[in-house]
Amino acid sequence: MSVPSMIKRKTAPDIRARKNGEPIVMLTSYHAHTAALVDRHCDVILVGDSLGNVMHGFETTVPVTLDMMIVQGRAVMRGSEHALVVVDMPFGSYEASKEQAFHSAARILKETHCGAVKLEGGARMAETIAFLTDRGIPVMGHVGLTPQSVNTLGSFRAQGREEGSWQPIENDARAVAEAGAFSIVIEAIAEPLARKITQEIPVPTIGIGASAACDGQVLVLEDMLGLSPRTPKFVRRYGNLGPAIEAAIEGYARDVRSRAFPGPEHVYGMKTKG
Ligand code: KIV
């Protein structure tokens, strides 16, 4: 019989209980090695479908598949111990019907052992969110800018810039919360609207490009580390790893080309003949 782990991971209800409390810290990760680092400092790790842009070089998240999300979700679960791991439902895996959404979300939970899924969309997804949560699947919502809809939106522009356009976004956030989502990502919306939504809804808001008025924040790890070729304007860089990694690769290539690469004596303490 296997011994259950004594380490307690954060759960969706733990995050839900943080409304108006200590701000929620969330970052993306797609790999075991970055998950281990993020896990030490974050409450939630998001296996975002942004992996399509970051890891695979796609222009949008539309080509990302359920299988891609599951493979990376498993890696992140192996690399982390404490944080709640949330896996994004990719475009095409949940919109057709609530049954399709349940089938896809159940695969994600069973095959990755993560603690929750995230899906994009407001009022139009409320019925699906209620269907999933009623059947034991914790759901994180995502409103405001929803990148999977880029082909109907036409661009990745910030939402709700003018007060006249606030109402549908507020309605979306309320509908998702009422449907049972345990928290909601609100992306690329103006500060007064983010503040209003955060005050109005009973579950934590997690902002990305939506100001400090939210109950927590999320960023794409590679964006804040300075590793992404293109970063949204609102992202503050906390590191500039691109040049450091390139310098290391350059040093390695130089050593190999100049035959200065350390030989086995470096490891085994023996002299090579020659
Ligand atoms: O896919 C992702 O990384 C996301 C965040 C930008 C919130 O959805």
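Modeller: Let's begin at H113, which sits in the loop that joins helix α5 (98-112) to strand β4 (116-118). This is a predicted model, in which local features need pLDDT of at least 70 and side-chain atom pairs count only at pLDDT 80 or more, while totals for chains, interfaces and linings use all residues. Residues are numbered from 1 along each chain as its sequence is written, and side-chain values use heavy atoms, with hydrogens and water left out. The element names come from DSSP runs counted from the N terminus: helices are H or I runs of at least four residues, and strands are E runs of at least two.

H113 has a phi near 70 degrees, which is a positive value in a residue other than glycine. With a relative accessible area of 60%, H113 is exposed. Here "exposed" means over 50% relative accessible area, "buried" means under 20%, and "partly exposed" covers what lies in between, using a 1.4 Å probe and protein chains only.

C42 is in no disulfide either, and its nearest cysteine sulfur, in C214, is 16 Å away. C42 counts as buried too, at 5% relative accessibility.

Apart from neighbours within four places in sequence, T128 is in contact with K98, A101 and L119, where contact means heavy atoms within 4.5 Å.

Helix α6 (126-134) in turn meets helix α8: the buried residues of α8 pack against α6, β5 (139-144), β6 (183-187) and α9 (191-200). Those buried residues are W166, I169, E170, A173, A175, V176 and A177. As a rule, an α-helix has 3.6 residues a turn, so residues three or four places apart point the same way. Helix α8 (residues 166-178) has 13 residues and reaches 18 Å from its first C-alpha to its last, close to the 18 Å expected; that expected span is 1.5 Å times one less than the number of residues. After α8 comes G180, whose phi is positive, near 115 degrees.

N20 counts as exposed, at 66% relative accessibility.

From there you can follow the chain into the strands. Strand β1 (residues 24-28) and β2 pair in the parallel sense over three bridges; two strands pair if DSSP finds at least two bridges between them. M26 stands opposite V44 in β2. Between the two strands the chain passes through helix α2 (residues 32-39), and this β-α-β crossover is right-handed: with the strands pointing away from the viewer, the path from the first strand over the helix to the second runs clockwise.

Strand β2 (residues 44-47) has V44 and L46 pointing one way and I45 and V47 the other, and all are buried. On to the next partner: β2 pairs in the parallel sense with strand β3 (residues 84-88) over four bridges, and V47 has V87 as its bridge partner in β3.

One more loop residue is E59, between α3 (51-54) and α4 (66-79). E59 is exposed, with a relative accessible area of 56%, and it touches N53, F156 and R230, not counting residues up to four places away in sequence.

Finally, stepping back, the protein has 12 helices and eight strands. Of its 274 residues, 46% count as buried. An automatic or database domain assignment gives domain 1 (12-239) and domain 2 (241-274), with 41 Å separating their centres, taken over C-alpha atoms.

Definitions and conventions: Disulfide = S-S within 2.5 Å.
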